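Subject: Structure for your review

Dear colleague,

Please find below the structure that I am handing over to you.

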Amino acid sequence: MSMTRFARLRRSIEELFPERHLYVRSGGEMRAFVLTTTKQLIGAGVVAACALWMGICTAAMMVNAMALSATDQEIARTQAKYERWIADRQARLNSAVAQLNAANGSIDDVALTIEKRHAALAMLLTEVKGEPGVAQALGPAIRRTAIAPAGASPMRRIELVRASQERLIDAADNFARGRADRLRLAFRLAGLTPSSYSPKGGSLGGPLIEAKDPRALAAVLDVDEGFAERIQHAATNLGEAAALSEAAKKLPFARPTNHTGQSSGFGVRFDPFTRRPAFHSGLDFVGGFGVPIYSTAPGVVSFTGVRSGYGNTIEIDHGRGFKTRYAHLQGIGVRAGQRVAVGQRIGAMGSTGRSTGPHLHYEVWVNGRAQNPDRFVKAGDYVQQAS
């Protein structure tokens with residue numbers, strides 16, 4: 001059977017590659033070449049091997065070209081990003097050098113530019129110096145003021161002063177932005193919108209209010225536009241931080257008692273008398289009889305006396321729709337119509353009304369709706385950290 005198959009295979013090959021005769025005539029002579037089946041098979045095998053090799057090489061090259069991994073792509077993007085940063089820094093350096101040399105080496109012109117920048121910086125720092133925490137924030141930048149070595153050229157001394165100005169404006173901007181961000185977060189913790197308490201006009205006094213466009217401010221201060229933009233950015237953040245800080249002083253962000261322990265929070269709870277779910281509209285601070293109770297914001301006392309369920313109660317109107325209520329008091333130390341300051345003692349902790357023991361029931365109302373006092377307490381703690 002195997003011999004028969006072999007014979008069939010041989011006949012098929014001979015039919016596919018029959019013996020061929022090739023005649024070549026050259027120089028009047030005729031030559032004959034015989035291409036046997038074996039020679040044709042060898043030639044076809046060589047051609048097929050070459051084609052297979054070329055196909056494998058081409059596929060390998062294509063796979064290698066398409067095999068760039070995600071990591072390699074990320075490295076390439078990172079490298080391109082750093083190259084752009086380096087190019088940008090180099091461009092800024094070249095621009096600074098060009099500005100120093102623009103006046104054909106005139107020391108007087110360069111010194112005048114530095115003096116104008118210094119005056120603009122002094123205008124900003126005049127507004128900043130009264131803010132809490134500014135000494136700690138700007139102290140390191142001021143202490144790092146470069147001192148030119150003995151024998152240094154005038155241009156070198158000017159460059160050192162310019163570098164010190166850059167560090168100082170950076171420190172002032174970081175301080176203003178950080179303080180503004182922390183105060184905005186404190187307002188959001190209390191459920192308030194910071195923009196409602198931000199300044200509607202400009203940020204600071206003088207040209208820092210009038211010139212909202214950096215180009216206009218640069219013209220007013222007679223400094224380069226880049227420096228004017230940084231001055232304006234710091235002034236805007238500082239102005240917003242100052243406005244938010246001033247607004248925070250008038251909001252109920254302070255603690256009503258020095259006792260930090262709490263027994264019941266805001267929201268639905270099981271009523272201690274009925275043992276049924278009931279809405280608790282305030283925050284309970286635990287303590288003893290006679291523990292001092294303080295006003296959490298400046299305002300006018302709108303009510304003193306006994307309210308049903310609350311016992312001895314004090315209510316204070318703080319303006320802008322804010323009101324606070326202090327209940328279950330043992331004693332009341334203020335009268336209706338009296339103006340009180342933040343932190344002023346107004347009464348003493350007790351257990352009057354529907355109360356199971358000495359504690360303070362504290363409520364915060366905004367535009368006639370009870371709010372979670374704990375949010376205001378936490379916001380007040382955050383305001384203290386930002387100060």
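Predicted model: local features only at pLDDT ≥ 70, side-chain atom pairs only at ≥ 80, totals over all residues.

I begin with the strands. Strand β6 covers residues 283–286, and strand β3 covers residues 262–264; the two run antiparallel and are joined by two bridges. Within this pairing, Gln-262 has Phe-285 of β6 as its bridge partner. Strand β6 also pairs with strand β13 (residues 359–366), again in the antiparallel sense, over four bridges. Here Phe-285 stands opposite Leu-360 of β13.

Is Asp-284 buried or exposed? Its relative accessible area is 4%, and because buried means under 20%, Asp-284 counts as buried. The side chain of Asp-284 makes a polar contact with the side chain of His-361, at 3.1 Å.

I now turn to the aromatic rings. A pair of such rings is described by the distance of the centres and the angle of the planes. The model holds five aromatic pairs. One of them is formed by Phe-322 and Phe-376, whose ring centres are 6.3 Å apart; their planes stand at 75°, so this pair is edge-to-face, the cut-off for that class being over 60 degrees. Phe-322 belongs to strand β10 (residues 322–332) and Phe-376 to helix α10 (residues 373–386), so the pair ties together parts that are 54 residues apart in sequence. Both Phe-322 and Phe-376 are buried.

The rings of Tyr-326 and Tyr-362 form a tilted pair, because their planes lie at 40°, with the centres 5.4 Å apart. This pair links distant parts of the chain, since Tyr-326 is in strand β10 and Tyr-362 in strand β13, 36 residues apart. Tyr-326 is buried, with a relative accessible area of 0%, and Tyr-362 also counts as buried, at 1%.

Which residues do ring pairs link into a cluster? They are Phe-187, Phe-253, Phe-322 and Phe-376.

Arg-307 lies over the face of Phe-303, 4.0 Å from the ring centre. Lys-323 lies over the face of Trp-365, at 5.6 Å from the ring centre.

Yours sincerely,
A colleague

Technical notes. Residues numbered from 1 in each chain as written. Heavy atoms only, no water. Pairing = 2+ DSSP bridges. Buried < 20%, exposed > 50% of the residue type's maximum accessible area, 1.4 Å probe, protein only. Polar contact = N/O pair within 3.5 Å; in protein donor to acceptor, adjacent residues only side chain to side chain. Phe/Tyr/Trp six-rings, centres within 6.5 Å; stacked < 30°, edge-to-face > 60°. Lys NZ or Arg CZ within 6 Å of the ring centre and 35° of its normal.
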